[in-house]
Each structure stands twice: as structure tokens, then as C-alpha cells.
Amino acid sequence: MTQSGLVSSCARAATAEEAAFRIDYPLAAARNTRVVALDAAAEEIVRRVSQTQWAQARFYSTVDPGHSLLTMSGETVPLAGELEDSNTLVLVSTNGQNAEAAATIGAACKVRGIMTAGLVVTPGQLTSQALFALRPHARILLVPAEEDDLFELLRATRS
Amino acid sequence: MLRTEINELLTQTGPGTPMGELFRRYWQPVLLAEELPENDCPPVRVKVLSERLIAIRDSEGRYGLMDEFCAHRGVSLWFGRNEEGGLRCPYHGWKYDYTGQAVEVPSEPETSNFCANVKLKSYPLVKLGDVLWAYLGDPEKQPPLPEWEFITVPEGQAYTSKRLQECNWLQALEGGIDSSHVTFLHSGNLDSDPLFKGSKGNAYNRADLKPFFEVVDHEGGLLIGARRNAEEGHYYWRVTPWVLPNFTMVPPRSDHPVHGHFWVPIDDENCWAWSFDYHPTRRLTETEVAAMRAGMGVHSANDENYRPLAHKDNDYLMDREAQRRGETYSGIKGIALQDSSLQESMGPIVDRTKERLVATDAGIIKARQKLRKAALALAEEGVEPVGNRAQDQKVRSVAIVLPADQPFVEGIGEAMIAKPGVPQTTV
């Protein structure tokens with residue numbers, strides 16, 4: 001068997017020894033995630049999470065009906081501009097407020113092919129207004145989510 | 001991605017490790033009952049959670065699981081003689097009963113009490129369904145016996161198999177939680193596998209290749225709902241339960257038997273993939289059982305040591321022509337081997353610091369978080385983990401069509417609760 005044949009065999013390729021030869025390089029740039037709080041309680045959560053050092057994640061609250069966003073420092077910025085180089089958007093809701101903004105943001109993401117996730121932070125409740133507000137617009141929902149889940153999602157996706 | 005220390009925390013299950021101690025709070029399947037088929041049958045080596053053990057069925061039908069090695073000189077008791085109420089080491093004749101207690105040490109005087117002080121470490125081993133279950137933890141913390149539905153249905157309604165998977169248990173478990181891979185990896189099987197085909201749900205699967213997911217926190221673990229478009233104003237939901245630490249079920253299709261898995265660590269680089277099928281209300285047909293024995297559905301065709309006939313040494317019998325014809329998506333035959341071939345290809349313990357998860361991996365992300373928290377809560381605060389209560393275990397997967405505005409947890413109602421004699425909710 002040739003050397004290339006050996007490496008091509010699953011038995012050899014799947015060993016820990018061979019794993020050591022995996023090429024070590026950055027797989028891709030960090031994910032450009034936008035995190036949007038849809039209500040005041042959600043904003044508190046997002047603000048706390050935003051204080052951690054993130055690669056390229058940016059954090060906002062909403063200005064109804066969602067065509068603009070409010071940065072954590074209070075600056076109003078247009079939604080379209082903030083989505084320009086984004087590829088993931090996370091909506092956070094605790095009570096279902098600003099459903100119209102969720103719809104606006106969700107539609108904008110859909111047009112741009114941006115992955116949308118939703119965190120429904122309603123401790124102990126499996127169904128809630130927040131769930132109904134996010135459901136049409138989030139390809140994946142965490143229900144009921146905790147503050148930790150936002151950290152974990154951002155960390156796991158290298159945001 | 002995971003930090004190195006978290007990856008190690010989740011993947012190491014030997015004695016004294018946080019995840020190992022978590023596993024030692026649960027009854028785990030360790031042998032098929034067929035492996036100890038009769039009284040005084042040959043002993044069987046068992047390696048589980050990085051412990052080398054020997055299992056016996058004694059002259060009275062009692063099951064025992066104990067340290068594999070004789071207390072005298074460290075000989076493997078696999079060579080022992082299982083007879084007359086115990087397992088005798090062939091080297092010098094030391095004999096142990098099913099609890100690991102030495103009952104004879106021939107070199108000692110007949111009146112010696114030496115044996116009373118020699119006891120191999122042992123664990124309870126009980127038969128429930130077609131499975132022998134072991135509990136490797138603190139005897140004072142021993143939970144009630146398991147009540148999973150597949151081991152409580154009447155005889156003839158369940159079939160269980162196991163296969164060796166040559167990678168860490170977490171890689172295998174994560175495949176069970178990850179509903180999104182079905183659209184690709186198993187797409188060739190939905191219409192051909194006798195245990196899957198004929199379901200209306202398969203058409204929904206094919207018509208909507210980009211499902212939405214809802215990951216719902218549940219008392220025993222998680223419910224992962226995958227929703228696809230169905231008729232106007234309706235969604236087709238497939239709901240996968242995960243119960244800590246290592247139980248998953250696959251949503252049903254049509255009236256086929258329901259199936260699921262346990263992923264049990266052998267050591268940190270190997271696990272047993274346990275696969276079961278059962279029907280809540282009827283006996284399995286001969287055709288169904290024949291298909292399962294042949295490796296269809298979630299099962300695999302194995303050798304006498306429960307290693308799949310298609311394995312990494314023969315490149316899983318990769319068939320590129322079948323792949324081109326569309327019979328299989330990956331070129332590997334059978335759902336079980338389609339999964340294990342890819343999971344083993346990641347290496348014995350995948351380096352999760354290098355992975356690149358996406359938002360639709362939220363089920364995996366959440367499961368890791370729950371495992372980590374449960375292991376650390378047990379290790380640092382003595383908090384007992386969830387998953388051992390009857391209500392955690394009396395769970396079912398569900399396939400259902402619901403109005404678009406109905407949350408699946410509300411729509412499935414009690415369909416996810418296992419009730420004797422009540423059929424599964426399926427499409």
C-alpha cells in the first residue's frame with residue numbers, strides 16, 4: 001500500500017495521532033453577530049452580556065418599529081447599516097413587546113440571508129407573548145432561555 | 001467552539017472526573033441480556049466508564065458485575081470458571097460470589113476467616129427488558145430502577161441492539177441531538193428503509209429542507225422541535241427528547257416502531273451506541289424484527305463482538321456508486337453507520353476548540369451547557385442531577401402537524417408522555 005493510501009484509510013485517518021496533523025489555522029473570520037433586545041428587561045441582559053470582550057458582536061435595543069436600533073451607548077443607528085456586514089442576528093425578548101420591531105428586523109434579515117436566532121427569556125414559562133413575537137422571525141429559538149444562553153450562543157459561534 | 005478545559009470536562013468519564021461522577025448517578029445499559037443467556041454461562045468482560053469489570057450470571061440466575069481482576073494476583077477472571085454459585089479464578093482457585101465477595105480461598109485453612117475480608121469491588125446489575133443495567137455510583141445515592149418505556153412494554157413489543165462506536169460518547173450523543181443533519185445524511189433512507197418508509201412526514205421532510213428549530217428546556221433535559229412547512233397554515237413538527245445524560249429518541253414515522261438511543265462511554269475514546277425500537281401498543285412484526293437484525297433503521301449488522309461489519313478498517317464499505325445513484329447520501333449504507341462513520345472520522349475525541357458552530361447548533365450548545373452545569377453542580381455543591389425520576393424517563397418523541405400559531409410544547413400536550421397502551425403520536 002502506498003503512503004497516500006494509508007492516509008486515505010479511515011482506520012489510520014481517525015486516530016488521535018493523525019488528528020495531531022490537522023492543519024492549524026483560523027477557519028474563518030469571527031462571526032458578525034448583532035444582538036437586539038426587544039424590551040427593557042431584555043436590554044438589561046444584553047447590556048450585561050455586551051460588557052464581555054467579543055470579537056465582532058454588537059449589541060442594541062430597538063427603536064420602534066425597528067427601522068433603527070439604539071446602541072448600548074445610546075446612539076441611534078439605522079438597521080440597514082448595522083446589518084450590512086452581519087451574518088447572524090439574535091433577538092432577545094422577555095415579554096413580547098415590540099413585536100412590530102421584531103417583524104421589521106426579521107424581514108430585513110430574511111432579505112439579506114442573515115441567520116436569525118431568538119432567545120425567549122421567560123423563566124419557567126414554555127409559552128409566552130415573547131415566544132409568539134419571535135417565532136415567525138427566528139430560525140432557531142431557545143425557550144425558555146437564560147442569560148447564560150446568550151453568552152453560550154455567542155461564545156460557541158465565535159461572535 | 002468550546003474551551004479546552006470544558007471539552008475535557010465533558011468528554012472524560014473515568015472515576016473521579018466530574019462527568020464520570022455525573023454518569024455514576026444513573027443506571028446505565030451495560031450488556032444485552034443475550035450476552036449472559038443462562039445460569040453459569042461464561043463470564044463477560046465489561047468495560048464501562050473506564051472501569052474494567054466482569055459480569056456473571058450465577059447458578060441461581062443472579063447477575064453480578066465486579067472488578068475483572070482476581071484480588072490475589074490480578075488475573076483476569078474472564079478465564080474463570082462460573083459454577084456452583086460463583087466465579088472461580090483458575091490460577092489458584094479463589095472463588096467469588098455474584099457480589100464480588102470471596103467465598104473460597106483454597107490455600108487458607110478450612111477454618112480461616114480470610115475470605116470474609118476479601119471482596120472485589122462490585123456493582124448492582126439488573127435485567128430490565130432485554131438489557132442488563134448497572135449502577136456504578138455511591139450505593140447511598142442509588143436512584144430507582146429505570147422506567148424507560150422500551151423496557152416496560154410487554155414482551156415482543158421491543159427490540160434492542162448495541163454497537164461499538166470508536167469515538168468519545170459526546171460525539172455520538174451530539175449526533176442524536178442534532179436534528180438538522182437528517183435532511184442531508186439520511187435523506188437516501190427515508191423512502192427505502194423498511195423501518196422509515198411510507199410516512200407522510202417523509203414528504204414534508206423532502207419538501208422543506210430548511211427547518212426551523214425550537215430548543216425547549218425540559219425538566220429532564222431538552223425537547224428539540226424541528227418544524228417544517230405542512231399544509232397551508234400548518235407546520236410539521238418532529239420533537240426529539242434528550243434526557244440527561246445520554247438518552248435520546250428519534251421522532252416516529254407512520255406506524256413504524258419508535259426508536260432511540262443511549263450513548264454509553266466505554267472509555268474516553270470508545271462508546272456503546274445502544275439502539276432500541278418498540279411499539280407502545282402492538283408486537284413487533286417478524287418483518288420488522290428481521291429488518292432490525294439485518295441492520296436497518298437505527299440498528300447495524302454486527303460481528304459477534306458487536307462491532308459493525310462496516311467499520312473504519314474497511315472504510316465502512318464505502319460505495320461511491322450508491323452515492324452517485326442517490327441511494328445513500330454519504331455512500332455508507334444504513335443510518336447507524338452513516339452517523340458513526342462521520343463521528344468516528346472526527347477523531348477519538350474531537351478538538352472542539354476548532355469547531356465552527358452555527359446558530360442552528362443551539363441544541364448542541366444548550367445540551368453541553370446543561371451537562372457542564374450538572375457535572376459541576378454535583379462536584380462542587382452535591383446537587384443531584386435530573387433525569388432519574390419516573391416522569392423524566394416516561395418520555396416519547398413526537399411527530400405531529402399543528403396549526404402554525406401553536407407552540408409545539410402546547411400542541412403536543414401529553415403526547416410526549418409515555419402511557420401504557422396508548423399509541424405514539426406520529427405522522
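Guide: Two residues are in contact if their C-beta atoms, placed from the backbone, lie within 7 Å. This is a predicted model, in which local features need pLDDT of at least 70 and side-chain atom pairs count only at pLDDT 80 or more, while totals for chains, interfaces and linings use all residues. Residues are numbered from 1 along each chain as its sequence is written, and chains are lettered from A and ligands numbered from 1 in the order in which they are written.

Visitor: How many residues does the contact take from chain A and from chain B?

Guide: Chain A gives 27 residues and chain B gives 27 residues.

Visitor: Which elements of chain B supply at least two residues each to the side that touches chain A?

Guide: Helices (H or I, at least four residues) and strands (E, at least two) are DSSP runs, numbered from the N terminus. On the side of chain B that touches chain A, at least two residues each come from β13 (212-218), α8 (335-345), α9 (362-381) and α11 (408-412) of chain B. The most come from β13(B), with 6 residues.

Visitor: How is that side of chain B divided by class?

Guide: Ala, Val, Leu, Ile, Met, Phe, Trp, Tyr, Cys and Pro count as nonpolar, Asp, Glu, Lys and Arg as charged, and the others, Gly among them, as polar. The side of chain B that touches chain A has 14 nonpolar, 4 polar and 9 charged residues.

Visitor: Which strand of chain A is joined to β13(B)?

Guide: Two strands pair if DSSP finds at least two bridges between them. Here strand β7 (residues 140-143) of chain A runs parallel to β13(B), joined by 4 bridges. Opposite A:Val143 stands B:Val216 in β13(B).

Visitor: At what angle do helix α4 and helix α8 of chain A pack?

Guide: Axes are lines fitted to C-alpha atoms, for helices over the stretch in contact, and angles run from 0 to 180 degrees between N-to-C directions. Helix α4 (residues 40-50) of chain A packs at about 45 degrees to helix α8 (residues 147-156) of chain A, with the axes 10 Å apart. That angle makes α4(A) oblique to α8(A); angles under 35 degrees count as roughly parallel, over 145 as roughly antiparallel, 65 to 115 as roughly perpendicular and the rest as oblique. From α4(A), the contact is made by A:Ile45, A:Arg48 and A:Val49, and from α8(A) by A:Glu147, A:Leu150 and A:Phe151. By class, these residues are 4 nonpolar, no polar and 2 charged.

Visitor: At roughly what angle do α1(B) and α9(B) cross?

Guide: The axes of helix α1 (residues 4-11) of chain B and α9(B) cross at roughly 75 degrees and come within 10 Å. This makes α1(B) roughly perpendicular to α9(B). B:Ile6, B:Leu9 and B:Leu10 in α1(B) meet B:Arg368, B:Leu371, B:Arg372 and B:Ala375 in α9(B).

Visitor: What is the order of strands in the open sheet of chain B?

Guide: The 3 strands have the order β1-β11-β10, with antiparallel pairing. At the edges stand β1 (27-32) and β10 (125-128) of chain B, each with a single partner strand, so one side of each has no neighbour in the sheet. A hairpin is formed by β10(B) and β11(B), with 2 residues between them, and B:Gly129 in the turn has a positive phi of about 65 degrees.

Visitor: Is B:Arg356 buried or exposed?

Guide: A residue is buried if 20 or more other C-beta atoms lie within 10 Å of its own, exposed if 12 or fewer, and partly exposed in between. B:Arg356 counts as exposed because it has 12 C-beta neighbours inside 10 Å. B:Arg356 is placed in the loop between α8 and α9 of chain B.
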